[in-house]
Amino acid sequence: MIETISSTSTLADRLRERILREGPMTFCEWMKAALYDEREGYYCRASSTPWGREGDYRTSPERSSLFAATFARYFAGLYDKLGGPSEWTIVEAGAGDGRFAYGVLKTLKEFSPLVFSATRYVIDEIGSDARSSSLKRLEQFADRVVFGKLQEIKVNPGIVFSNELLDAFPVHRLTMQGAILREFFVDVRPDGAFAWTLSTPSSERILNHFDKSRIELVDGQVAEVNVEIEDWLTAVSTTITEGYLITVDYGSDAQDLYSPTARMDGTLRSFKRHSITNDVLADPGGQDLTSTVNWTYVKDVAAKLGFETLEFERQDKFLLSAGLLTQLQLESERAVDDAERLRLSTAAREMILPNGMATSFQVLVQKKGL
């Protein structure tokens with residue numbers, strides 16, 4: 001992480017000090033600090049709420065309880081495919097405030113009590129405030145929920161699930177300049193503002209990424225490389241002995257992601273108060289940073305680690321096939337009044353409407369050791 005200069009130094013101050021002392025830093029290092037610095041990183045700040053109406057973005061679990069409930073139905077189906085074990089583990093990586101976990105456990109308890117009784121739910125979440133929120137939200141399931149790190153958990157059998165996690169991994173940012181690949185570094189201008197500068201790529205790993213994907217950028221094209229996906233998948237592969245990896249995120253295949261006609265300027269963007277901001281280098285720790293996932297890379301790396309792809313579908317279609325409408329009917333029958341029934345039906349429509357939020361996301365289901 002970033003070295004502490006004094007207890008009153010801001011993250012921006014510490015980043016400037018490091019750059020002035022050591023020279024320009026890769027954007028990947030800068031983004032890692034901006035998002036995950038232990039004290040002031042976007043996902044680690046005390047008393048911050050990045051998600052939901054009050055934050056900077058809304059994920060599917062915040063939009064509707066039906067998202068988690070439908071996945072709970074799907075999880076129960078996987079439990080049956082595993083032979084109905086007496087114990088199994090669901091690990092949620094990047095669990096946020098525990099809203100998805102609550103929805104899954106509540107649904108399993110109400111509609112699949114046998115699965116619920118066999119479930120140990122593990123939450124891997126870096127933010128201390130998010131963990132505290134999860135602890136409070138999941139109090140009634142305290143006998144089922146534990147907190148831990150992915151690398152320290154064994155899933156045999158079970159599931160590792162993530163929603164909008166991979167897009168938040170720090171990325172390297174590159175461009176082709178006169179047939180030479182250059183990497184973006186972050187420097188400091190005389191007025192103290194952060195600024196871009198170009199230099200030789202910081203590692204062979206980045207160059208290999210393009211070679212493996214058989215991608216060649218055109219002159220002036222900008223692109224991101226998310227090599228931390230490989231590190232995370234490697235950790236998952238050591239965690240899962242027998243079970244499923246379910247990844248929900250927004251992404252594209254490599255050919256589309258690195259298309260010069262569609263994405264000449266790359267996919268890196270920053271969000272604040274549900275709007276895209278103009279400067280990704282402004283306000284480190286104060287805004288969300290994200291980039292589109294390379295699904296081709298995810299599948300290739302996972303395959304080498306022993307995972308087999310079972311399903312890869314647009315989120316709205318996946319939810320429909322997983323029983324969204326059936327779950328809507330069940331929950332509507334249990335609704336206390338018409339207002340709650342209307343809320344459920346409205347949320348369901350939002351998740352399956354053409355050109356809605358869910359059409360921009362994909363669900364990747366893979367298995368290992370089965």
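The lining of the second largest pocket draws at least two residues from each of α4, α5, α13 (324–334) and α14 (338–352), helices being DSSP runs of H or I with at least four residues, numbered from the N terminus. This is a predicted model, in which local features need pLDDT of at least 70 and side-chain atom pairs count only at pLDDT 80 or more, while totals for chains, interfaces and linings use all residues. Residues are numbered from 1 along each chain as its sequence is written, and side-chain values use heavy atoms, with hydrogens and water left out.

The pocket has a volume of about 380 Å³, the space filled by probe spheres set on grid points joined across faces, edges and corners. A pocket here is an open set of points on a 1 Å grid over the protein atoms alone, where a 1.4 Å probe fits and protein lies on both sides within 12 Å along at least five of seven lines; lining residues have an atom within 4 Å of a point. Of its 20 lining residues, Ser65, Tyr102, Gly103, Lys106 and Glu331 lie nearest the centre, and α5 gives the most, with seven residues.

Two of these helices also meet each other: the axes of α4 (residues 65–81) and α5 (residues 99–111) come within 8 Å and cross at roughly 55°, the axes being lines fitted to C-alpha atoms over the stretch in contact, with angles from 0 to 180 degrees between N-to-C directions. The contact (heavy atoms within 4.5 Å) involves residues including Phe67, Phe71 and Phe75 of α4 and Phe100, Val104 and Leu108 of α5.
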